[in-house]
Amino acid sequence: MFFGAKHLNSIAAGHYKNTAGCATEVMPVPEIVKISMSQNIGAPCKPLVKKGDEVKVGQKIGDTDAFLHVPVHASVSGVVQGIETQRNAMGGYDTLVVIESDGKQEVDPSIKPPVYNDQPGFVQAVKDSGLVGLGGASFPTWLKFNPKNLGEPMTLIINGAECEPFITSDHRTMLEDTQNVIDGALEIMKWLGSEEGYIGIEDNKQDAIDKFDKLLSKQGITKLKTFPLQARYPKGAERVLIYEVTGKTCNAGVLPADLGCIVSNVTSVAFLGQYLKDGMPLISKRVTIDGDAVAKPGNVVVPIGAQIHDVIEFCGGYKAEPRKILMGGPMMGRAIFSDRMPIVKNNNAILAFTKEQSFIPEETACISCGRCHTACPFELLPTGFADAYEAKDVKRLNDLKIMQCMECGSCSYICPAHRPLAFINKLGKALVREASQK
Amino acid sequence: MTDNKNTVYYDNLAVSSSPHLVTSLDTQKTMMWVLIALAPAFLASIFYFGPRSILLTVVCMAASALFEWCYEKLLGKPITVKDLSACVTGAILAMNLPANFPVWMAIIGCFVAIVIVKMLFGGLGRNFANPAIVGRIVLLLSFTTQMTTWPLTRGNVTADAVTGATPLGLLADNAMAQAPSLKDMFLGNIGGAMGETCTIALLIGLVILIWKKIISPIIPVCYICTVFVFSLIYYAAVGSEFGALHMALFHVLAGGVVFGATFCATDYVTSPIMKYAKIAYGIGCGLVTMIIRLFCAYPEGASFAILFMNVMTPLLDMLAQNQFYGIGAAEKAAKKAAKEGKEAAKS
């Protein structure tokens, strides 16, 4: 990058926002939900219920004493069928609480709007809501609102970029829950002492920008503004967004709060706005269902723990045999091996692709075109990583700053030789981590 | 489990690392765009030098592809001819030859380019020098007479003269008075290698490549600007009867500078990746070209300059490898903030 460049590098990946016009539908409660106990970065929760217990909607069913965690709540009312262990998409095992729904959706009597009157109270309320970063990272949100440097000027950046292709759930949130986003944002700004807030939205969602502008000016709110971003990938990545909005450089391993920025996903903020009104913890999620194997793509509010198969069944089922199912978008989403897996809090899309759509051409020889380097938002050198990884040269990997890589996948996307560069970067990062632990 | 009777679950789906979406621009399409960008120069060569340029171009492209195919077949390697890179090499080599060049010699050039320079070093992506450039240099040194006998363009052919000198040849012979006008040089109505003469056709190709984002404009712009500025300064200092500006434009339009800057110096494999290395590479190409033209025995130096800078490429890339996000002031500030944050947390 030439210093002072206004924008970081990005790629023009196809948008495929087929479902942008699909108003959200609410999925009826399925017979069975399987609620995962590890839905956040950090420690997994321990189940608080056992087989045969009756649970109500919003009841806390998982918690732990570990520091970095958020509690888990029941999304349906019914009877606990058992505690299962299931292999997850990462290769590890998750504990799942299986609840058979009674269809009544009785709300737990303890659910009421949170009451607090100081910043620690606010943080505790956010923690109790079970909120994690809904953009995909599932970082416990309460920790974000509890920075070490509280009292310093903070800029709130609300991430409505939604740069991943296919996904439109944030877009629908911004159109349908606009007031909740504003309320949630103002509450965060109030307790963090923040005087300026921005809602970063890619300019391919002009309707959302217009709606926010209209509502904000109508209510006379000046400290919260919309911030149009280029509609390119990956403008919604946290470190890229911070640079685009504030011009500050956020390196890997540095918390945005250290730079005076709080970044929160727009759906997280919208949830918070709603939670402050009714106190219902995070038990459902708006998910984009798309891909050429799905009969009726759309946006669906799904109870946490619903199996992917049931959700797709709600969307008309499969119209062709799925070959690959992704949790999240095609650029950073995770391919899962079974459609029995449950929806977790940070799911924003389920994409079911047929063989044709999931086809990735065979790798050919690198022609040193340098597109991976010019596509990288941080101007890293993926071909250099690949060579150094092949040689298992940890020093070289460190010299090339591999730990700065955020695995956005732009290099793999743009490579004319279709090399799996982002995958090699992940392996290289694992190698560096391993070496540093020795 | 309370599976319904007819429920079909998919438990054996494909898994792979993200991203699950890739661009449709592959190596073959990239090479296709280079061929498309070469088309204006090819058409201009047919216009000025007649159908013989078609024969030479087709033979070179076919021979290059055939050599690559034979080599891979003989060694039992996967066949990569369909990525079109051999055809691009053949086409670029052909554009570097005089239109009346013997066909069998051109095939030798293709053999050198494809087998010796490219395949023996490991095929596409592994060669250290531009195959077409080395092919041309080998032909120039082996068949100097044929390589420097330039046919006249169709407008200039007379009963007693079918060949003539290039503008740079005239300059080297101190015969600038006979040199063609800048307009003729811009339109390509001059002697020279069949693809190099028509500057306007080459510029169309350059615009196509930059517009389709096949190449970055840094190398061609730096190369051409360096040639212009260097000759401007040189002739301003030395003095010339035509004036420094005329001579600077003359050097840009004459010989292989525009062709080399567009199609040879920008070869992915043998040019740097890093931005600052690209700038240094382009400037280096321009400087070496002008030094050879002005101070050495050869009238033209573009191909030698590009070969020289090809060899420098790994070094330039290594020197430029510190241009990352976060290096410099911003990183220091972030480190400081992190440190202060830690201290604050401790106290």
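B:Lys275 is partly exposed, at 22% relative accessibility. The cut-off for buried is under 20%, so B:Lys275 does not count as buried. Keep in mind that this is a predicted model. B:Lys275 forms a salt bridge with A:Glu379, and the closest N and O atoms are 4.0 Å apart. That pair crosses between chains: A:Glu379 sits in the loop between α9 and α10 of chain A, and B:Lys275 belongs to helix α13 of chain B, residues 275–295. A:Glu379 is buried, with a relative accessible area of 6%.

Now the interface itself. How many salt bridges does the rule find across the interface of chain A and chain B? There are 2. Residue pairs in polar contact across this interface number 17. On the chain A side, several elements each supply at least two residues that touch chain B, among them β2, α6, α11 and α13. The residues on that side divide into 37 nonpolar, 15 polar and 19 charged. In total, the contact takes 71 residues from chain A and 48 from chain B. The area buried between the two chains is about 5,400 Å², and carbon and sulfur atoms give 60% of it.

Next, salt bridges in general. Over all chains, the search finds 16. One of them joins the side chains of A:Asp183 and A:Lys277, at 3.2 Å from N to O. A:Asp183 lies in helix α4 of chain A and A:Lys277 in helix α7 of chain A, so this pair ties together parts that are 94 residues apart in sequence. A:Asp183 is partly exposed, at 24% relative accessibility, and A:Lys277 is also partly exposed, at 44%.

Another salt bridge is between A:Lys395 and A:Asp399, with the closest N and O atoms 3.0 Å apart. These two residues are separated by about one helical turn, because they are 4 residues apart in helix α11 of chain A. A:Lys395 is exposed, with a relative accessible area of 58%, while A:Asp399 is partly exposed at 41%. Elsewhere, salt bridges with shared partners join A:Arg172, A:Glu176, A:Asp177 and A:Arg286 into one network.

On to a strand in chain A. β14, residues 298–303, is mostly covered, with 6 of its 6 residues buried. In a regular strand, side chains alternate between the two faces of the sheet. Are the faces of β14(A) covered or open? Both are covered: one side has A:Gly298, A:Val300 and A:Val302, the other has A:Asn299, A:Val301 and A:Pro303, and all are buried. Strand β1 of chain A runs parallel to β14(A), joined by 2 bridges, and A:Glu25 stands opposite A:Val300. Strand β13 of chain A runs antiparallel to β14(A), joined by 6 bridges. Here A:Val287 stands opposite A:Val300.

Back to chain B, and helix α3, residues 85–95. Why is this helix described as largely enclosed by the rest of the structure? Because 11 of its 11 residues are buried. They include B:Cys87, B:Ile92 and B:Met95. The buried residues of α3(B) pack against α1, α2, α4, α5 and α12 of chain B.

Last, B:Asn130, in the loop between α4 and α5 of chain B. B:Asn130 counts as buried, at 4% relative accessibility. Its side chain reaches the backbone oxygen of B:Cys264 at 3.0 Å. B:Asn130 also touches residues including B:Asp267, B:Thr270 and B:Asn310. B:Val269 is 139 residues away from B:Asn130 in sequence, yet 7.8 Å away in space, C-alpha to C-alpha.

How values were computed. Residues are numbered from 1 along each chain as its sequence is written. Chains are lettered from A and ligands numbered from 1 in the order in which they are written. This is a predicted model: local features need pLDDT of at least 70, side-chain atom pairs count only at pLDDT 80 or more; totals for chains, interfaces and linings use all residues. Side-chain values use heavy atoms; hydrogens and water are left out. Buried means under 20% relative accessible area, exposed over 50%, partly exposed in between (1.4 Å probe, protein chains only). Contact means heavy atoms within 4.5 Å. A polar contact is a pair of N or O atoms within 3.5 Å; within protein, one must be able to donate a hydrogen and the other to accept it, and residues adjacent in sequence count only if both atoms are side-chain atoms. Two strands pair if DSSP finds at least two bridges between them. Buried area is the accessible area (1.4 Å probe) that two parts lose on being put together, summed over both. Ala, Val, Leu, Ile, Met, Phe, Trp, Tyr, Cys and Pro count as nonpolar, Asp, Glu, Lys and Arg as charged, and the others, Gly among them, as polar. Lists of a residue's contacts leave out its neighbours within four places in sequence.
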